[in-house]
Amino acid sequence: MLYAEDDKLIFRFDDHLLWIQSWGENAFRVRATKLSSIPTEDWALSTKPSASEPVIETPEGKEASIYNGKIKAVVSQRGKIIIYDSKGNKLLEEYARHRRDPKDPKCSALEVEARELRGILGGDFHLTMRFESLDPKEKIFGMGQYQQPSLNLKGADVELAHRNSQASVPFAVSSLGYGFLWNNPGIGRAVFGTNTMSFEAYSTKALDYWVVAGDTPAEIEEAYAKVTGYVPMMPEYGLGFWQCKLRYWNQEQLLNVAREYKRRQVPLDLIVIDFFHWKHQGDWSFDPEFWPDPGKLSFPSPQIYKH
């Protein structure tokens with residue numbers, strides 16, 4: 001069943017519930033679950049900017065559409081989503097290979113779901129979201145910081161998890177003219193294959209992603225900032241020279257380094273006190289045996305920060 005409710009296009013069939021909702025200019029938030037209702041967490045989407053009301057069309061017995069500025073989503077009677085820009089170019093198309101929609105040109109006996117929510121112990125789902133790879137020449141940038149040589153992620157397989165020297169920020173910008181935020185804090189995986197693209201969350205209650213259409217990367221990134229929040233301006237000292245090593249093990253060693261910078265008249269803005277300044281794991285206070293008087297470190301220049 002396809003119907004409109006407020007600023008949402010809703011699809012409900014059997015145990016599957018899908019929402020496509022306008023979320024800022026030229027953007028949609030897409031959520032789906034097999035629970036009785038959509039979870040209320042907003043995760044990274046901390047702000048919902050004001051935007052014009054979407055246009056929703058739900059003709060009886062046909063596919064439904066929702067328009068929001070430069071972006072349009074079409075949902076088939078069986079729930080398959082295709083997303084277009086204002087020029088009619090496909091931005092994203094769900095990868096579905098099954099027989100439930102004989103009108104779909106990609107109808108197949110493979111029995112592969114686009115939005116697969118597989119129940120696991122504890123009541124959550126192992127989620128896999130699959131998309132067609134629409135253009136093998138597409139370039140995809142972003143997703144955070146990974147230890148790999150490729151700036152273009154097309155063809156890459158990345159872990160959605162934080163590790164030492166790895167920062168997962170699951171937002172990507174495509175050369176096709178869209179930005180995509182995987183709005184799920186769970187550990188998982190993203191594959192930007194030349195045949196399919198997929199996102200996984202190993203334990204979650206719902207699918208949740210945000211997609212925006214834009215004419216330039218700057219326009220896409222500005223829209224992303226509006227819905228996730230703006231980065232605060234770094235203090236002036238943070239833009240200067242930092243001194244850091246692995247590691248300063250006591251207070252006097254660090255102060256001697258600061259004094260030597262001053263003696264040589266080398267400008268220094270910040271010194272980092274790295275890990276193991278504490279007495280016990282999980283305790284962030286200074287170990288008094290090695291840092292007897294941390295208050296002495298609070299002099300105006302350079303700034304002293306513990307990490």
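Mentor: Just after helix α2, Gln-265 takes a positive phi of about 60°. The model is a predicted one, in which local features need pLDDT of at least 70 and side-chain atom pairs count only at pLDDT 80 or more, while totals for chains, interfaces and linings use all residues. Residues are numbered from 1 along each chain as its sequence is written, and side-chain values use heavy atoms, with hydrogens and water left out.

Helix α2 itself covers residues 251-263, where helices (H or I, at least four residues) and strands (E, at least two) are DSSP runs numbered from the N terminus. Its 13 residues should span 18 Å at 1.5 Å a residue, and the end C-alpha atoms are 18 Å apart, which agrees; the expected span is 1.5 Å times one less than the number of residues. The buried residues of α2 (under 20% relative accessible area, with exposed over 50% and partly exposed in between, for a 1.4 Å probe and protein chains only) are Gln-251, Leu-254, Leu-255, Ala-258 and Tyr-261. Seen down the axis of α2, these buried residues fall within an arc of 115°, so they line one face of the helix; the arc is that of the directions from the helix axis to the C-beta atoms. An α-helix has 3.6 residues a turn, so residues three or four places apart point the same way.

Arg-247 is found in the loop between β19 (242-243) and α2, and the peptide bond that joins Leu-246 to Arg-247 is cis, with omega near -10°. Cys-244 counts as partly exposed because its relative accessibility is 45%, and a search of the whole structure finds zero disulfides, a disulfide being a pair of cysteine sulfur atoms within 2.5 Å.

Over residues 232-296 the chain is 20% helix and 9% strand, with the end C-alpha atoms 29 Å apart. The chain is divided into domain 1 (2-228) and domain 2 (236-297), with bounds that come from an automatic or database domain assignment, and the centres of domain 1 and domain 2, taken over C-alpha atoms, are separated by 45 Å.
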